[in-house]
Amino acid sequence: MKSLIKFIYCSVIALAVVSCTDLEEQALDGVIPEGAGGSGTSADLSGLVGDVAALHNEWNRNLGVQEMPGDAMAGPTRGGDWDDNAALRQIHAHTWAPDHPWIGATFNVLMTGIYNADLILNDSSQSSDHHAAKLLKAYFYFHMMDKFGQVPYRDSYDDMTLDAQVYTRAEAFAIAVSLATDALSGLPEKASGGADTPNKDAARMLLAKLHLNRAVFTGEAGATSFTHDAADMTAVIDYVNDMTSSLNQGNGTADGTGYWANFDKDNDGSNELIWALKVEPGASDSKGFTGYYWRMGQHYNQTPGGWNGPVMVGEYYDYFLENGVADGDDPRATWSTPEIISMMGNNVGVQRGQIKKPGGTEDVEDRKGNKLIYTKEVPLVVLDPVAIESAGFRTIKYIPDDFDNANADYAIYRMADAMLMRAEAALLGGSGGNAQADLDAVRARVGLGSISASLDNVYAERARELWWEGHRRTDMVRWGTFLSSKELKPAESDSKYLLFPIPADALINPNMNQNPGY
Amino acid sequence: MKNQKTFFSFFLTICIVGLSFAQSSNVSGTVSDADGPLPGATVVVKGTNTGVTTDFDGNFSIQAAGDDVLVVSYVGFESQEVGVSNQTSISVVLSSSNELDEVIITGYGSVTKRDATGAVDAVSAGDFDQVSADSPAQLLRGKVAGVQITSSTGEPGAGVAIRVRGNSSVRSGNEPLIVVDGVPLAGGNTSSGLGDEILGSGSAKNPLNFLNQNDIESISVLKDASSTAIYGSRGANGVIVITTKRGTVVESAPNVTYSGSVSFSSFAENSSFNDVMSRSEYISNLPSGSAVASESGSYKWQDVLLRNATSTNHDITVTAGGQNSSTRLSIGANLQDGVVNKTGMDKYNVSLYNSYNLLDNKVNVQTRVIYSDIEDESHLNTNTAGYVGNLIGTALYWRPTLDVVDATGAYTNVSDDYLNPQELLDAYDDNTFTKRLLANVNVSFALNDNVTFRTIYGVDSSTSAREAQLSPSMDIRDTARADGKRGQASIYNDDRLNRTFENTLNYVSNLNGVDVNLLAGYSYYSYVSEGSVLHAKGFNADQVNLIDNIGGVVDVAEAYSIGSYKNETELQSFFARASLTYDKLLATLTYRVDGSSKFGEDNKYGSFPAVGLGYKLFENESGLINNLKVRGSWGVTGNQEFAVNSAISKSRYSNASISVVTNANPNLEWETTTSTGVGVDFEILDGKATGSLDYFQRSTENLIFPVPEAATKPGPASPRFINLDGELVNTGVEVGLNYNLVDSSDLTWDVSANASFLSNEIQNFAGFVQTGRIHGQGLSGAYAQVLTNNQPLYSYYIFEFQGYDSDGASLYTQPDGSAGPLGSASKVLDKQALPKTNVGFSTSVAFGDWTMSTSFYGAFGHYVYNNTANAYFFRGAYETRNVPGSVLSSGQAIADPNSPSTKFLEKGDFLRWSSLNIGYDLGDSILSSFGVTNARVYLNADNLATFTDYTGFDPEVAIDKSMGGVPSAGMDYLAYPKSRTFTLGVNLTF
């Protein structure tokens with residue numbers, strides 16, 4: 001009996017020892033940061049510029065969702081390649097759904113930027129960067145309004161277990177204007193060669209774009225025609241008039257040299273760049289990447305080599321042939337120098353027909369030994385075995401440096417865009433502008449003659465001047481042409497496609513509602 | 001070997017010391033049933049440990065006093081008590097019991113089916129198919145209604161998915177809690193999977209492989225909340241209770257048995273399998289002038305990939321009983337070769353059981369030690385292979401006109417993305433070494449006639465090392481370093497240390513006609529997991545043993561990537577149960593409070609109540625209905641199998657910078673499943689038929705999910721785990737029947753069948769969560785399944801294929817219902833990956849010394865996604881790669897891509913003839929001169945035939961195609977093929 005008691009005694013002791021656990025969880029292979037429940041992260045301006053870069057450094061973010069749903073770019077499937085679960089075809093044919101990977105990724109990139117801007121703006125020790133952070137936050141708001149129509153926000157980041165609230169498009173518009181106006185008041189004027197630093201011209205451009213699109217952003221969802229307020233149009237003109245940037249023109253640059261100075265490896269000296277992402281191999285403050293501007297379309301056997309993917313749609317190329325301009329005479333689509341021919345064998349701009357090896361004399365063949373001849377006609381699924389690799393015009397917008405590297409800064413905003421916006425605003429009732437002078441200046445810069453200053457001509461000129469620069473979808477929505485039938489999309493699309501759907505994942509936030517129609 | 005001998009003789013000494021001699025007079029007799037004498041029946045003097053077993057003629061002889069009572073028992077028969085009454089010779093005739101009297105080991109106790117208030121079932125050793133099962137889970141396959149066992153592939157030791165009453169969690173794990181001899185095992189794997197960015201990832205081995213089938217006495221399945229709530233926050237997915245064999249309870253000399261078998265396995269070709277082309281078919285389809293036509297080689301994928309495999313199994317068991325002790329020792333070796341070359345599993349087990357009574361039988365100490373040493377040999381059977389392929393992918397696509405080895409013995413080399421399957425087979429090695437020790441001491445202590453105190457202390461310790469290497473001799477695209485150096489090696493170490501400490505107090509009495517059984521307890525569990533990984537690439541071209549000389553890597557600075565992890569989970573629980581029986585009314589009330597370190601700071605403890613009620617409408621009556629009990633249950637259980645450190649903020653260092661891994665959620669709690677069920681257990685037709693019928697509904701809430709990045713914006717990219725709104729509802733009907741067709745003196749014939757019908761739906765759920773990742777060329781980002789509102793888990797969401805147009809372009813259903821191109825098609829959501837119906841059937845016949853049994857199982861109503869065909873079988877692959885002949889005749893254009901669609905979605909319905917066993921009892925006559933007292937030989941056939949329309953290797957498949965931690969179901973991608981096995985075995989008793 002004694003040992004029995006001893007046994008119970010021992011058991012009770014053991015029980016007491018073990019049962020003292022407080023079940024507190026430990027991070028044995030990490031650390032528990034201060035302020036559990038908060039975000040646990042911080043941001044700085046360099047990182048925030050990196051968020052802008054994240055929007056532009058992959059071909060299937062801003063470029064893909066702005067150019068491919070419009071009339072400019074298509075991504076045909078080539079045999080087993082470029083199928084990607086129909087992602088490219090859906091974007092061009094307006095059949096995307098809330099699970100489309102590019103749409104979800106673009107949403108996350110923009111909202112990451114807004115979050116990091118808030119972290120900087122909430123940190124008084126970074127007050128010297130607050131005007132820049134406001135510009136960038138307003139820039140991300142512009143894209144959120146433009147693409148998704150609503151913007152989630154948090155008044156406080158103290159309790160991240162709460163769901164974010166959501167601004168409507170009109171509420172977000174007012175906030176974006178206010179942020180950009182604040183930024184304009186505090187940012188410096190653009191220094192010479194300083195387009196890669198946030199500056200007053202960038203803020204003016206963003207404000208001009210906000211006012212130009214105000215009727216779209218604050219109007220009824222699904223509308224395809226807009227009544228623009230004259231005061232907004234005058235504001236557009238005033239902001240552009242205030243800019244210090246200017247077109248690259250004069251001194252015999254009308255052969256295309258002036259235009260391509262914006263896209264060549266030494267473009268940081270171009271005063272036409274309003275705001276740019278610095279691209280310089282090896283530099284620690286290099287944020288951008290323009291390499292996919294040739295990689296995505298160039299054939300595997302071309303120099304420089306590429307991925308043999310997206311093409312310029314044939315009917316979009318026809319814009320370059322309007323007003324009696326002969327094929328090849330618009331330097332924005334066809335330009336080369338002896339160095340370019342020697343290095344790559346073909347023109348930059350839009351590549352058509354037989355592709356040449358470096359030096360420009362020998363023909364390139366595809367992987368099956370057929371002549372590599374880029375054709376204007378291209379279906380969304382290339383079924384002709386001979387044309388699998390060659391269908392469709394390819395483009396080079398940014399020119400690689402001698403080592404096949406990206407070395408040209410990425411132009412977020414460009415003066416030619418601002419001038420065409422000023423022309424559009426003048427034609428829409430704004431005062432203080434001269435539409436004809438702006439349109440003529442943009443055309444004369446590439447050696448082309450005057451055409452009448454009509455809205456249609458401004459629209460077409462934007463297509464020629466700003467091809468594949470990531471503005472086309474916004475332009476087409478504003479002009480009411482986005483839903484119309486086009487070469488590879490025979491039917492008019494449903495008005496829901498004017499906005500992208502809210503990504504499926506974001507709807508787990510109960511304050512977020514799916515855009516109408518999805 | 002010397003140590004083993006020493007150990008063995010030490011053990012025998014213990015047994016012999018335990019023997020002692022009783023002082024009463026001698027009583028002898030026979031035990032028989034209606035058919036004749038029963039050898040091996042147990043005769044025990046009631047209230048003592050004195051007992052004997054009957055010999056082959058049913059005779060026994062025992063020392064007993066004139067006023068003693070003998071308890072005579074035999075498996076499958078109702079026990080009988082007989083007073084000695086000063087007789088010296090006693091004959092006892094036992095009558096066979098039935099299913100209702102089978103004792104089912106449940107959580108912290110046991111119950112007969114007759115008295116159960118919850119849905120419980122059990123399979124005991126006698127019901128096991130005589131297959132050499134890798135995992136105890138396979139022993140349940142097709143045997144228990146409502147339990148689905150799915151082998152992920154046919155590889156020896158591969159993972160097995162066990163589902164009790166369906167899937168009740170979105171991503172926190174759906175595996176039931178496994179309890180071995182009272183010790184709840186930690187969930188999760190004990191060995192590592194493979195993870196390689198180029199060669200793909202592979203699955204971990206089944207963590208239950210450590211148990212030897214020969215050591216298992218019974219496996220119980222607790223299906224409803226009334227029976228699982230005693231396991232609280234770990235009971236939501238059902239509980240599997242495994243009880244290992246014990247020593248004999250009677251005083252006896254050591255009894256030695258040996259079982260041995262040899263098995264021959266071969267590829268079990270499915271008659272619907274859509275094979276790639278033979279050499280002659282391949283050539284006959286070549287267009288004129290094709291360069292391939294001049295190739296003179298020949299190749300059959302079966303010749304390179306497959307083999308006829310031989311496996312052997314040996315088990316030696318010694319049992320002994322003494323006056324105060326009983327002991328069982330078993331040693332097993334199971335050497336299993338897979339039907340794919342260079343795969344297999346070698347398993348060595350030692351298991352020791354000892355029970356010892358002391359202090360006038362008031363204290364009983366049971367000790368169990370199970371040790372296993374497993375070596376898994378695997379190959380590049382990855383789940384995520386791309387265009388380049390894995391072992392099975394390359395074997396299928398290599399064209400049949402090319403020799404793998406030329407006349408000089410050199411490998412035929414085509415290119416670094418068109419791999420030679422023989423070269424890959426030879427160049428790649430993958431071995432996993434796992435050692436696991438499960439030991440526990442279970443002490444029960446009778447405080448008085450009514451109260452028992454019991455304490456269990458258990459340790460489960462395992463170490464595992466997975467070692468994989470690719471020889472530098474082989475050039476696979478993108479596996480070389482920038483400097484061109486090739487070859488890679490990976491070592492994954494995983495260690496687990498799990499401790500269990502449980503204390504229970506049990507009160508049993510009859511108060512005013514009410515049978516009362518009260519239980520109260522406290523448990524503490526600690527689960528520690530740690531491991532490390534080392535990858536190295538870029539070796540000297542002629543180095544062979546990369547794993548064992550990983551420092552041979554060239555240019556050390558660039559060669560390695562390393563990592564390690566460690567985590568601990570602690571659980572602490574208080575629980576109580578009352579089982580009450582009054583006349584025909586039965587009630588069980590359960591309550592458990594569970595605390596877990598994984599739960600959020602403000603939610604450390606959860607409560608899990610349950611109630612079960614039963615009423616016996618008929619009890620022991622004759623005629624049509626003999627016994628019939630209705631029962632109903634309601635209860636709440638939880639699931640906490642989510643990742644450690646989900647509730648806290650955690651950062652980790654990586655490359656000298658620190659980044660957030662998870663963000664805290666102090667409110668994070670377990671997933672809660674509320675179950676309601678009704679059922680009947682019955683015995684009808686003069687005891688010839690027994691069965692059960694159940695209906696249940698289970699609704700799971702608080703679904704644990706990482707907030708997707710898009711939903712937490714603006715905010716950090718790292719996730720926070722939340723309890724998401726929505727319910728996952730499983731509704732089902734289960735039926736199980738046993739029928740004794742013939743029961744005569746020389747022939748018995750039993751049949752049993754079960755079926756379950758299950759529907760699964762997510763409700764009030766805001767998410768649209770992707771899973772079922774599809775891999776292959778041009779398929780980046782593709783997926784096949786979603787979790788979304790008002791649909792079953794893992795519903796297929798893909799384009800609907802409508803055939804080809806005249807140009808050979810694929811047509812898909814458009815939003816208006818017409819057929820058109822993919823660019824404008826819309827996806828459809830109407831097929832499910834989870835079977836709606838599962839069935840099992842088995843029958844056994846005993847005729848004289850012969851026995852025969854056979855089993856079937858099947859699953860219906862679901863679809864399998866054939867990612868293999870999606871990735872590899874398209875028209876454009878030919879003439880470079882082999883494809884099935886049907887691809888050439890399909891009308892598909894050479895340039896038409898294989899976009900993910902219903903083209904690759906196939907009905908997964910199957911019925912499998914899973915086993916046939918024929919045995920013959922040699923008795924003691926032939927081998928008695930060798931000391932053999934009984935011998936049985938048997939022939940077993942496993943996986944004899946599968947009836948299915950599925951065109952892949954096998955419809956029973958579950959390749960891990962998870963995305964973002966959300967599992968998939970029913971996806972097939974280059975799955976290791978299943979085998980057909982014939983086994984010749986012998987069981988000898990000495």
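Biologist: How do you know which residues of chain A are in contact with chain B?

Modeller: Two residues are in contact if their C-beta atoms, placed from the backbone, lie within 7 Å, and by that rule 70 residues of chain A are in contact with 73 residues of chain B. Residues are numbered from 1 along each chain as its sequence is written, and chains are lettered from A in the order in which they are written. Because the model is predicted, local features need pLDDT of at least 70 and side-chain atom pairs count only at pLDDT 80 or more, while totals for chains, interfaces and linings use all residues.

Biologist: What makes α5(A) a helix, and what does α5(A) supply to the side that touches chain B?

Modeller: Helices are DSSP runs of H or I with at least four residues, strands are runs of E with at least two, and both are numbered from the N terminus. The run 101-121 of chain A is α5, and nine residues, the largest share of that side, come from α5(A).

Biologist: Why are 37 residues of that side called nonpolar?

Modeller: Ala, Val, Leu, Ile, Met, Phe, Trp, Tyr, Cys and Pro count as nonpolar, Asp, Glu, Lys and Arg as charged, and the others, Gly among them, as polar, so the side divides into 37 nonpolar, 22 polar and eleven charged residues.

Biologist: What makes 310-396 of chain A a domain?

Modeller: Domain bounds come from an automatic or database domain assignment, and there 310-396 is domain 2 of chain A. The C-alpha centres of domain 1 and domain 2 of chain A lie 27 Å apart, and their contact takes 28 residues from each.
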